[in-house]
Amino acid sequence: MTDLTAGLRETFVQLADTLVDDFDLVEFLDLFACSCVELLGVGAAGLVLADARGTLTMVAASDEKTRLLELFQLRKSEGPGLDCHRDAEPVDCPDLAKVGKRWPKFSREAENAGFRSVYALPMRLRDEVIGALNLFGTSPASLDAAGTCLGQALADVATIGIQHHRMWQRQEIVTAQLQTALNSRVIIEQAKGVLAERLRVSVDDAFGVLRAYARSNNRKILSVAAGIVDRTVEIPR
């Protein structure tokens with residue numbers, strides 16, 4: 001097995017493993033950026049992702065100068081990552097010196113950082129584009145066909161991993177909210193039973209008393225119910 005094949009296998013396994021209990025998204029993205037540099041033979045890699053409002057944020061870079069360049073790109077609102085994310089298409093700039101008026105500020109900053117070319121790939125799953133992978137070269141050059149295919153494959157696997165993590169987080173939130181609702185219902189049912197016995201009324205009437213007391217005192221039903229259960233709230237007969 002060649003070093004490249006072994007590296008590819010290890011990288012894809014690591015990028016695909018996002019559902020473990022100790023999964024760390026920051027570590028995952030840093031690994032992704034560094035793996036792109038090693039496997040694609042580029043000078044550096046950076047990753048920008050869109051937040052819930054669609055605003056791009058720098059989330060990972062293979063080194064500090066690339067991190068600063070990505071932040072500069074977002075701050076100045078020009079650069080390959082923004083175009084790639086907006087158009088959902090790869091952006092190829094084989095020579096930053098010839099970029100012209102397309103990204104004048106970004107190209108100058110990139111050249112000052114030692115880069116001469118850039119290739120951006122969309123982080124896309126079906127119709128949803130969640131960000132862009134930016135690959136920087138230290139000499140004028142385009143990413144060849146094999147590199148483009150591998151780069152997009154890496155971006156696709158990372159995108160799936162990120163989306164799985166987000167879905168898992170959302171599921172945890174939904175589960176927590178459901179559990180909270182169930183716990184609240186238990187407390188209210190307990191309070192109805194206590195009131196029904198104390199006031200010698202039906203359970204339905206007890207709930208009416210509970211609701212009326214909560215409204216007249218401008219309190220949440222759950223708060224009043226909890227007070228009835230722990231005997232800190234007394235509703236007169």
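## Charged surface and salt bridges in a predicted model

Arg75, Lys76, Lys105 and Arg108 form a positive surface patch. Two elements each give two or more residues to this patch: helix 3 (64–76) and helix 5 (104–112). Lys76 belongs to helix 3. Its relative accessible area is 38%, so Lys76 is partly exposed. The model is a predicted one.

### Overall layout

The protein has eight helices and five strands. Along the sequence, the pattern reads α-α-β-β-α-α-β-α-β-β-α-α-α. The protein has 237 residues, and 41% of them count as buried.

Strand 1 (residues 44–50) pairs with strand 2 (residues 56–61). The sense is antiparallel, and the pairing runs over five bridges. Gly46 has Ala61 in strand 2 as its bridge partner. Five residues lie between the strands of this hairpin. In the hairpin, Gly54 takes a positive phi, near 90 degrees.

How far apart are Leu71 and Gly46 in sequence and in space? They are 25 residues apart in sequence, and their C-alpha atoms are 10.0 Å apart in space. Leu71 sits in helix 3. Leu71 is partly exposed, because its relative accessible area is 31%.

Helix 3 also holds both Glu64 and Arg67. The two residues are three positions apart, about one turn of the helix. They form a salt bridge.

### Salt bridges

A search of the whole structure gives eight salt bridges.

| Arg67 | Glu64 | 2.7 Å |

Glu64 has 44% relative accessibility, so it counts as partly exposed. Arg67 is partly exposed as well, with a relative accessible area of 29%.

Arg86 is exposed, with a relative accessible area of 56%. Asp87 is partly exposed at 42% relative accessibility. Both residues also belong to a network of salt bridges that links Asp83, Arg86, Asp87 and Arg102.

Is Arg198 buried or exposed? Arg198 counts as buried, because its relative accessibility is 15% and the cut-off for buried is under 20%. Glu234 is partly exposed at 49% relative accessibility.

### Helix 4

Helix 4 (residues 80–87) is mostly covered. Of its eight residues, six are buried. The buried residues in helix 4 are Pro80, Gly81, Leu82, Asp83, Cys84 and His85. Arg86, in contrast, is exposed. Ala88 follows helix 4 and has a positive phi, near 60 degrees.

### Positive phi in the loops

Arg200 has a phi near 55 degrees, a positive value in a residue other than glycine. Arg200 lies in the loop between helix 6 and helix 7 (203–216). With a relative accessible area of 73%, Arg200 is exposed.

Where is Asn218 found? Asn218 sits in the loop between helix 7 and helix 8. Its phi is near 55 degrees, again positive in a residue other than glycine. Asn218 counts as exposed, because its relative accessibility is 73%.

How values were computed
Residues numbered from 1 in each chain as written. Predicted model: local features only at pLDDT ≥ 70, side-chain atom pairs only at ≥ 80, totals over all residues. Heavy atoms only, no water. Patch = residues over 30% accessible without salt bridge, like charges linked within 9 Å, V, L, I, M, F, W, Y side chains within 5 Å. Areas by Shrake-Rupley, 256 points an atom, 1.4 Å probe, with all protein chains shown as cover. Salt bridge = Lys/Arg side-chain N within 4 Å of Asp/Glu carboxyl O. Lys, Arg positive; Asp, Glu negative; His and termini not counted. Charge placed at Lys NZ, Arg CZ, Asp CG, Glu CD. Helix = DSSP H or I, 4+ residues; strand = E, 2+ residues; numbered from the N terminus. Buried < 20%, exposed > 50% of the residue type's maximum accessible area, 1.4 Å probe, protein only. Pairing = 2+ DSSP bridges.
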